[in-house]
Amino acid sequence: MNFQETRNNFRKKQVSAKELTEESLKKAKEKSELNAFISHFEDYALARASNIDANFDEFKDKSLGGIPIAHKDIFCTDGKKTTCASKMLENFIPPYESTVTKNCNDAGSIMIGKTNMDEFAMGSSNETSFFGPVKNPWGQSLVPGGSSGGSAACVAADITTISTGTDTGGSIRQPAALCGITGLKPTYGLVSRWGMIAFCSSMDQAGPLARDAFACSALLNAMASYDEKDSTCSKRESIDYEKGLNKDFGKLKIGILKGIENLGISEEVLNAYESSKKILEQLGHSFVELDFTELSSGICSYYVIAPAECSSNLSRFDGVKYGHRSEAKNISELYLKTRAEGFGDEVQKRILIGSYVLSAGFYDAYYRKAQKIRRMIKSKFDEFFKDVDLVFLPTTLDQAFEMNRKSTDPNRMYKEDLLTIPANLAGLPAMSLPNGFSKNLPIGAQFVGNYFSEELLLNTAHKMQEVTDWHKMTP
Amino acid sequence: MNKIELKNLLFLARLQVKEEDQDKTIEKLQNTFEMIDQMNDLDLDKFEPLNNPLELTNVSRSDEEKNRNKKEEFLKKSPKSDEDYFVVPKIVE
Amino acid sequence: MAQNDTLVNGWQPVIGLEIHVQLQTNTKLFSPAKNQFGEEANTLVDLIDMGLPGVLPVLNDGAVKQGIAFGLATNAEIAKTMVFDRKNYFYPDLPKGYQITQLHYPIVKNGVVDVEGKQVRIHQAHLEEDAGKSMHDVYDSESVVDLNRSGVPLLEIVSEPDIRSAEEAVKYLKKIHQIITYLDISDGDMSQGSMRCDANVSIMRPDDKEFGIRAEIKNINSFRFVEKAINFEIKRQIKVLESGEKVEQETRLYDSVKDETRSMRTKEFANDYRYFPCPDLVPHEISEDLIKEVKDNLSELPEEKQKRLMEIHSLNEYDAGVLCADKSTADFFEEVAKEANAELAAKWIIGDLNALLNKNDVSLKESKVKASNFSKLIQNISDNTISGKIAKDVLDEVWQSGEDVAKIIEGQGMQQISDEGELEKIIDKILADNISQVEAYKSGKDKLFGFFVGQVMKATEGKANPGLVNKLLQQKLG
């Protein structure tokens, strides 16, 4: 099922929103063993689909008119359970709607459910969810990547054509790569964070996941909007990304990393990367080698800043106003028990790291230093973009891995984010697309663009997808 | 990190780890810090800390009221409340 | 004030105050919920004030302007760029588990206020959000939380340790109260918690080079208690040091019932607030234009008002100063003086009205005496409708009931008798009844004049116009 065809069929009244929704709900049920969803909203989705069909004229030209969508369970949905895959919010029903889900509704999409994820978006394998791991549609013993693993699996398994995710250190791009689909992390501040449960506020950014760049552009059109409720949201004129796909940006100068073979990237991933470079060359683009020895320091910086912010962001989960509360004799015990029971191991570990690096005497040695690395990496990219239009590099070090494999070696797991983290630290947009296969498993590569260059990213990916078929492969 | 430091840290973060699991927790944390500590080798003097990637400034709103209060619904979200308040175990000053 | 005046048993107290002032904005610091005291519990709570997952703060520019106004009024530096930080700690009335405040880049720095000729420096004043309120007396074994106050904008004004006695601390606090109420950025009501004070107190020998170890006293919620709490603490520290022990750096709570400070039970582990820049907010630059805008709209400050009252109403410096000590009094005076004689109004406000306020320990706002009514009282005095003596009775009545002055005067027949014919009749009768005194007066006993005046007043229940009585008596007694 392809987004563009589906939407055309809906627009030509060859298929109704109700039929599309029934189809998605059916597939979700058939593929329930993937554990891609935390909540399904069947009655709601069908009622909404009927409503859209009844008001066809109002919805037919909207960018997501009549299209079923799955939202990562990190976006608050008014009156509908939002768990962030945590026991802490197992039964939490928000009294308000996130800007992302509201925008998607306004664009005519039909939410069929909320997708599984790593608890509070902390993880790269979707194994930290309180609701159990998501399985990779390409191999049930494999992880789908994380933290937007449910959203990636949902699209890869053709349950919906589009889904939303969030990317703090690679959480859209890495699962997109491991599941063989396309995913875009926009520039920090392009998409509102209002109603998106915060992990690391200065890096969290919502973005689209879909089979191809076309669908991503349609979904980004819906998601991106200036929002006065988010002080870090950028006020700028909106761009029609779908239209941008037809633009001609000419021959691009694309940056590639010097010494990339020394970063511990698997042979399969490197091979796919090399063949993608050939395709880019055939499309008329040229390469510039970049010296980016600072790349690996990004991980250190990320694993200080993200835990620091998360330790503070997650303080609100104390059992007083909402969410889980443990039985306790006094207030002190209430906090300790509620939080020890309500949070999973990985979340607790990161809260501890974050509390440590912010505590008296350690702030300068850790937090401040990490923020300096962040500046260094941003400056490096600023320098790059004086010479090149985009930077091209693999998305992950390896393909989808077996469950439980890396969770036994957490640092190995953290290093999984080596290639995705720099874009988050700098706040730059980056987009992963499928670029090869090996052992019947997909491989992804990503473009990193300058600030607010989403149009160029989508256009470049789209042009590549016009001459390749990787994004059409299904499990 | 020793057990006393861990206990301090746990209290600061309002978390609990069973006595018998504390060594394991310390090991896990130390393992992560080994990775993080690699940044000590870098010369970062010339870089100013970067807090927020876009470095925007001056976002504010005018002082106008908007009522989004839903008292009853808000209180119902709480694990324990009465008709007026959120209720918690006794706070001892 | 000479330093040795402030020594206590040879020890020099050193005091700094941290004053929290609730700003009078329409809405909260980071949410659009109404900022109002005394509403039904949990009805002024926005999604943001409840700290729901996914909500984000947006700065209220009204609070920024009020902060700038305070900076201007205290000759302080206004920050070119201010930054908000998170202060992390757990408490049930702190919904997010952190307070958004300003640590390194406060809105105001290095101000100074004049406290009866002494300069007290303000280290900084910063914007931060208030917490909710927890109450412990609703249930036996549980506490309850009201989040109406959660997110209310506070300006925390931190002085340098320039204060040397409890008395001086109160004067400084009153000065700050005067400034914020004049600026109309807070009602400064300590009983409602819109102005709260913590005191850092230490003692040293006059020739010591370094300050002693200080204790922070929290929870002082009236001017009177500030003085008592600090004095208690000074004595306590003297006792501790003179017995050869050390003062501990700690937080102490003032108990107004027992009139003592006591150590807040040392927490199991010391608090570590883990401050860091709030990633949900961006730095805020304060432009010269904005400062100018605030300056142009700045309310009149006490010194300016005093000068103006002296010019317009020809008040003397002392009277104008007394009236302007408290903004509500000065405003009251101006309202009264719109219609009534200003000098007489000033005399009555400073004299009788102030006496009533002090005696009953209520503020002008709380009392039943309204400016328009008080103005009528003064007018009735100056047009001789009532005498000054009667006026005191009328004021007492107004104080009790708030009743309209005209009605009181009419209802009780208190109008002054200024009708010559009527008075003449009364005087003639008195002279006829007291022939021997008349004789004595005429033979040179001048002092008896007062006796006749007294008799007239007695006969008229004090309502006779004294000037007229004098005139008529003089005529008749030759």
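A residue is called buried when its relative accessible area is under 20%, exposed when that area is over 50%, and partly exposed in between. The exercises below apply this and other terms to a predicted model.

**Exercise 1. Describe the overall build of chain A, beginning with the share of its residues that is buried.**

Step 1. By the definition above, buried residues make up 69% of the 475 residues in chain A.

Step 2. Turning to secondary structure, chain A contains 17 helices and 11 strands. Its radius of gyration is 21 Å, close to the 23 Å that the globule rule gives for 475 residues, so chain A is as compact as a globular protein of that length.

Step 3. Along the principal axes, the C-alpha atoms of chain A occupy a box of roughly 65 × 55 × 45 Å. Of the contacts in chain A with a separation of 6 or more, 76% are accounted for by residues 24 or more positions apart.

Step 4. The accessible surface of chain A is about 14,400 Å², and carbon and sulfur atoms hold 45% of this surface. Chain A carries 56 positive and 60 negative charges, whose mean positions are 3 Å apart.

**Exercise 2. Work through the corresponding description of chain C, and find what radius of gyration it has.**

Step 1. Chain C has 15 helices and 17 strands, and buried residues make up 54% of its 478 residues.

Step 2. The radius of gyration of chain C is 29 Å, whereas a compact globule of 478 residues would have one near 23 Å. The box filled by the C-alpha atoms of chain C, taken along the principal axes, is roughly 95 × 55 × 55 Å.

Step 3. When contacts in chain C between residues at least 6 apart in sequence are considered, 69% join residues at least 24 apart.

Step 4. About 22,000 Å² of chain C is accessible surface, of which 46% belongs to carbon and sulfur atoms. The side chains of chain C include 58 positive and 80 negative ones, and the centres of these two sets lie 3 Å apart.

**Exercise 3. Decide whether Asn103(A) is buried or exposed, and find which residues it touches.**

Step 1. Asn103(A) lies in helix H5 of chain A, which covers residues 99-106.

Step 2. The relative accessibility of Asn103(A) is 14%, and because the limit for buried is under 20%, this residue counts as buried.

Step 3. Leaving aside residues up to four places away in sequence, Asn103(A) touches Ala222(A), Met223(A) and Ser225(A).

**Exercise 4. Check the span of helix H3 of chain C, and then examine its surroundings.**

Step 1. Helix H3 of chain C has 20 residues, 223-242, and at 1.5 Å a residue they should span 28 Å. The end C-alpha atoms of this helix are 29 Å apart, which agrees with that expectation.

Step 2. The buried residues of H3(C) include Phe225(C), Val226(C), Ala229(C), Ile230(C), Glu233(C) and Ile234(C). An α-helix has 3.6 residues a turn, so residues three or four places apart point the same way.

Step 3. Among the elements that cover the buried residues of H3(C) are strand E1 (12-22), helix H2 (166-182) and strand E12 (195-204) of chain C.

Step 4. Asn231(C) also belongs to helix H3 of chain C, but with a relative accessible area of 30% it is partly exposed. The C-alpha atom of Asn231(C) is separated by 8.9 Å from that of Glu167(C), although the two residues are 64 apart along the chain.

Step 5. Just after H3(C), Gly244(C) adopts a positive phi of about 85 degrees.

Definitions and conventions:
Residues numbered from 1 in each chain as written. Chains lettered and ligands numbered in written order. Predicted model: local features only at pLDDT ≥ 70, side-chain atom pairs only at ≥ 80, totals over all residues. Heavy atoms only, no water. Helix = DSSP H or I, 4+ residues; strand = E, 2+ residues; numbered from the N terminus. Rg over C-alpha atoms; globule rule 2.2 N^0.38 Å. Buried < 20%, exposed > 50% of the residue type's maximum accessible area, 1.4 Å probe, protein only. Contact = heavy atoms within 4.5 Å. Areas by Shrake-Rupley, 256 points an atom, 1.4 Å probe, with all protein chains shown as cover. Lys, Arg positive; Asp, Glu negative; His and termini not counted. Charge placed at Lys NZ, Arg CZ, Asp CG, Glu CD. Expected span 1.5 Å × (residues − 1).
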